[in-house]
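Please read them with the structure open.

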Amino acid sequence: MPKTFSVMTYNVHSCIGTDRKLSPLRIAEVIDRCNPDIVALQELDAGLPRTQMIDQAHLIAMTLEMSFHFHSSIHMKEGGYGNAILSRGDVRLIKAGAVPIDPLRPSFERRGAVWAEVTLRGHLIQVLVTHFGLNRGERVQQARAMTGHEWLEHPECSHPVVLCGDFNAMAGSQVYRLLTRQLHDVQRGLKGRLPRGTWPAQLPFMRIDHMFVSRELKVRQVWVPRTPLTRVASDHLPLVVTLELP
């Protein structure tokens, strides 16, 4: 039985590309070309007028024939905006909820996380996806929450674990250091390969989209696809990683 599987994390910018065109199907094409087993998506709209009332997670998952779960970090009268986990295997929701915002700055955009148990070829994998805030202090609170008893230290969060998303934080930041106390940065998992940025898509000099994994997972391949399609589909590039189970 194959012990390798691939995971993609991708901030899709409400499926609005750098050419300002709305196209969830273009995002689906990016995913299809990369052919991951598990996909973690951030910045998805569902039922909002600004994106033609499309339930983007549902449309992308149905196009790719994948199971999925979507969670709205922000609830609006018409719909929501948030994160999703998609997979070729079964996706069992464990938890979906908010991560902390600064109580002194209630106007900050609400942020959330989704945790699902994914079954792939008989293996159970805990997958968590999140999108941290733009304020440094807020991000530190969010990192502490994610590494605490409600998420990564929860009794049901057994290894192997994959945590990924847009953390709005660079390597070496306090947020990054908090997360790498428990998990391993996949972009530092291959000898002879330098980490690559994911934002902005046209000139990706910043590494703010990350994937962290429990240490028994071996990193076999890391790929930041930079193609004419990925440079236009979103303002972020996807991060695709092949992992091997123990």
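**Notes on the predicted model**

1. Aromatic pairs. A search of the whole structure, which is a predicted model, turns up three aromatic pairs. In one of them, Phe167 and Phe212, the ring centres are 5.4 Å apart and the planes stand at 75°, so the pair is edge-to-face. Phe167 belongs to the loop between β8 (161–166) and α4 (174–180), and Phe212 to strand β10, so this pair ties together parts that are 45 residues apart in sequence. Both Phe167 and Phe212 are buried. Phe132, Phe167, Tyr176 and Phe212 make up one aromatic cluster.

2. A charge over a ring. The charged end of Lys95 sits over the ring of Trp151, at 4.4 Å from the ring centre.

3. Helix α1. In α1 (residues 24–34), the buried residues are Pro24, Arg26, Ile27, Ala28, Val30, Ile31 and Cys34. Their cover includes the strands β1 (4–11), β2 (38–46), β11 (218–223) and β12 (239–244), along with the helices α2 (56–64) and α5 (228–233). Asn35 follows α1 and has a positive phi, near 60°.

4. His71. This residue is in strand β3 (residues 67–75). Is His71 buried or exposed? Its relative accessible area is 15%, under the 20% limit, so His71 counts as buried. Apart from neighbours within four places in sequence, His71 is in contact with Tyr81, Gly82, Asn83, Ala96, Gly97, Ala113 and Val114.

5. The largest cavity. The count comes to two cavities of 30 Å³ or more, and the largest has a volume of about 60 Å³. Its lining consists of Glu43, Ser73, Ile74, Tyr81, Gly82, Asn83, Glu109, Arg110, Arg111, Gly112 and His131. At least two lining residues come from each of β3, β4 (80–87) and β6 (111–120), and β4 has the largest share, with three. By class, the lining of the largest cavity has two nonpolar, five polar and four charged residues.

6. The second largest cavity. Here the volume is about 30 Å³. Pro2, Lys3, Thr4, Phe5, Leu120, Arg121, His123, Ile125 and Leu245 line the second largest cavity, with β1 and β7 (123–131) as the elements that give two or more residues. Five of the lining residues are nonpolar, two are polar and two are charged.

7. Leu203. The loop between β9 (184–185) and β10 (209–213) holds Leu203. Its relative accessibility is 59%, over the 50% limit, so Leu203 counts as exposed. Leu203 and Arg231 are separated by 28 residues in sequence and by 8.8 Å in space, C-alpha to C-alpha.

Note on methods:
Residues numbered from 1 in each chain as written. Predicted model: local features only at pLDDT ≥ 70, side-chain atom pairs only at ≥ 80, totals over all residues. Heavy atoms only, no water. Helix = DSSP H or I, 4+ residues; strand = E, 2+ residues; numbered from the N terminus. Buried < 20%, exposed > 50% of the residue type's maximum accessible area, 1.4 Å probe, protein only. Phe/Tyr/Trp six-rings, centres within 6.5 Å; stacked < 30°, edge-to-face > 60°. Lys NZ or Arg CZ within 6 Å of the ring centre and 35° of its normal. Contact = heavy atoms within 4.5 Å. 1 Å grid on protein atoms, 1.4 Å probe; cavity = no way out; pocket = protein on both sides within 12 Å on 5 of 7 lines; lining within 4 Å. Points joined across faces, edges and corners; volume = space filled by probe spheres on them. Nonpolar A, V, L, I, M, F, W, Y, C, P; charged D, E, K, R; others polar.
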